[in-house]
Each structure stands twice: as C-alpha cells, then as structure tokens.
Amino acid sequence: MSVTTDKKQNAEGGFLEILKICAQALLIAIVIRTLAFQPFNIPSGSMEKTLLVGDYLFVSKYAYGYSRYSLPFGPPVGSGRLFGSMPHRGDIAVFKLPTDNSTDYIKRVIGLPGDRIQMLDGVLHINEKPVPKVRIDDYVVTAPDGSPQRIPRYRETLDNGVSYEVLDMVENGFLDNTPVYTVPEGRLFMMGDNRDNSTDSRVQSAVGYVPFENLVGRAELIFFSVDRGEAAWAFWRWPWSVRWTRLGTSLR
C-alpha cells in the first residue's frame, strides 16, 4: 500500500470520527433539551424586577412531568402529562399560551385548582385571605428621556413561605380590582410580578386559566444576562453590556 493511500484512508477515518463525535454531541444536546433543561430568554418586562429583559435562563423540563407542549415542536402525542407533578404556589413557570398553544409565556403560579383569586385595591387575595404586601425601597429605572423613574415596590409572601417582589406602577390600575376567579380543575392561575404591565390570567380573553398540560417547565437559574437592547452575541461588548451580578441567580 502506498503512502498516499495510507494518508487518504487516515484522512477519511479522521473525518468520519469527527462526524461521529458531532452526531453524539448533537444527540446528547437534544436529549438534554427534551428531558432536562431548555434555555429561554426574557423579551418583556412583565416579570420585573424578578426577571429583566435580556435575561437568559434554564427551565427544568422534568419538574412538572412531560406533555406534548414540553417537547420540541409540540408533536401530537396525546393529551395529559407523563410523570405529572402539580406546581407549587409561587413557582415561576413557562407555559404555552392557551389561546394559540404555541406562544411561550412566563409568569408566576398564583392559583391552583379550586382556588379563588381576586385583586382588591392592588392587594392579592387567595381564598378570601389577603396576601401580606410590605412596601420596600422603590425600583428605579431610566425613563426614555434619561431621567430616573421611581416605581413603588413591595414584597409579597404566600402562605407556603414563598416570598418575592412585585411592582405597582399605577395606583388603582386597570387590574388592581377584579372579580373573583375560581380556578377550574386541571387549570392554573398565572400572574406577572410587574402587576400593571402583565397580560396574565386576570385577562381572561387573552390568557385566562392555563391548562396544566400547557406547562413547559419551571424556571430555575439565570445563566446569562445583557442590558435591554444589547445583543447577547456581541461578545466584544460584554465587559459593559453583561449584567454580571445576575449570572447564576437562582429562581427557586
């Protein structure tokens, strides 16, 4: 066998080995994304200040079990959930919007099946009991004209001990007083932490009650974050655009 032939066979063998490694890596990535964790980014301010525009986070797919909506491309594999586990009140969850079953939304789980949810004068009530709401320091953002804008901020604490911050941008806002919502069986009531800037289950025509089946997963960890308007791929701007203090922030 000539040296040329040996070199050709070695090159072909090396190329096939690279293809094999790439295929294995791709398969592992698909399995992880399907069964374990899926990355999401935050496009709106409905969950401020908990989640900011430009945050990138991992969502656990196994937390609530698996349904067609938690699988890539939502294949028609039947209804219900495999290894289903109901969320806890206060979880931050990604779900498919019930009105189209395709758009991803992220909100906080407030109401479980059978719960009665109501907003009265900006105070959340669950089963006729007001959720403790304590004023803390204002949330300060930069207005379009460059001036600082102060937004009232509060800490809510649910009956299971879950505590989180909410914003109240507008006093006596449109959704600060609502009727009583009784959560149907197999459904969830979801709300954004930015109470006056969140289209959620309070808006029945747009979101309404979220079927348990529509859950994609539970938000777990912020793994990357860039300032609003910055491109995550613009690595040369990372020293200034990355919100370094948010990296590794647990959402549990």
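Arg116 is partly exposed, its relative accessible area being 33%. Glu128, at 52%, is exposed. Here "buried" stands for under 20% relative accessible area, "exposed" for over 50%, and "partly exposed" for anything in between (1.4 Å probe, protein chains only). The model is a predicted one, so local features need a pLDDT of at least 70 and side-chain atom pairs count only at pLDDT 80 or more, while totals for chains, interfaces and linings use all residues. Residues are numbered from 1 along each chain as its sequence is written, and side-chain values use heavy atoms, with hydrogens and water left out.

Now for the chain as a whole. The protein chain has two helices and 15 strands; these are DSSP runs numbered from the N terminus, with helices (H or I) of at least four residues and strands (E) of at least two. Of the 252 residues in the protein chain, 42% are buried. The chain's accessible surface is about 13,600 Å², and 60% of that belongs to carbon and sulfur atoms; such areas come from the Shrake-Rupley method with a 1.4 Å probe, and for residues only the protein chains shown count as cover. Among contacts (heavy atoms within 4.5 Å) between residues at least 6 apart in sequence, 58% join residues at least 24 apart.

Next come the charged pairs. Side chains of opposite charge can pair when their charged atoms come close. A salt bridge is taken as a side-chain nitrogen of Lys or Arg within 4 Å of a carboxyl oxygen of Asp or Glu, and the structure holds 20 of them. One is between Glu128 and Arg116, with N to O at 2.6 Å. Arg116 belongs to strand β5 (residues 116-120) and Glu128 to the loop between β6 (123-126) and β7 (129-130), so this pair ties together parts that are twelve residues apart in sequence.

Lys133 and Asp168 form another salt bridge, at 3.9 Å from N to O. That pair links distant parts of the chain, 35 residues apart: Lys133 is in strand β8 (residues 133-142), and Asp168 is in the loop between β10 (163-167) and β11 (181-182). Lys133 is partly exposed at 24% relative accessibility, whereas Asp168 is buried at 14%.

A further salt bridge joins Arg195 to Glu156, with 2.8 Å between the closest N and O atoms. Since Arg195 lies in the loop between β12 (187-191) and β13 (210-211) and Glu156 in strand β9 (residues 148-157), the pair ties together parts that are 39 residues apart in sequence. Arg195 and Glu156 are both buried.

Points are joined across faces, edges and corners, and a volume is the space filled by probe spheres set on them. There is one cavity of 30 Å³ or more, and the largest cavity has a volume of about 40 Å³.

The largest pocket has a volume of about 380 Å³. It is lined by 19 residues, the closest to its centre being Thr50, Arg108, Ser163, Tyr164 and Leu251. β10 gives the largest share of this pocket's lining, three residues, and both β10 and β15 (249-250) supply at least two. By type, the lining of the largest pocket has four nonpolar, seven polar and eight charged residues.

Asn214 sits in the loop between β13 and β14 (215-225) and is buried at 3% relative accessibility. Leaving out neighbours within four places in sequence, its contacts include Tyr69, Phe95 and Pro98. Ser241, in helix α2 (residues 238-241), is buried with a relative accessible area of 1%. Apart from residues up to four places away in sequence, Ser241 touches Ser225, Val226, Asp227 and Glu230. Ser241 and Ser225 are 16 residues apart in sequence and 8.5 Å apart in space, C-alpha to C-alpha.

Technical notes. 1 Å grid on protein atoms, 1.4 Å probe; cavity = no way out; pocket = protein on both sides within 12 Å on 5 of 7 lines; lining within 4 Å. Nonpolar A, V, L, I, M, F, W, Y, C, P; charged D, E, K, R; others polar.
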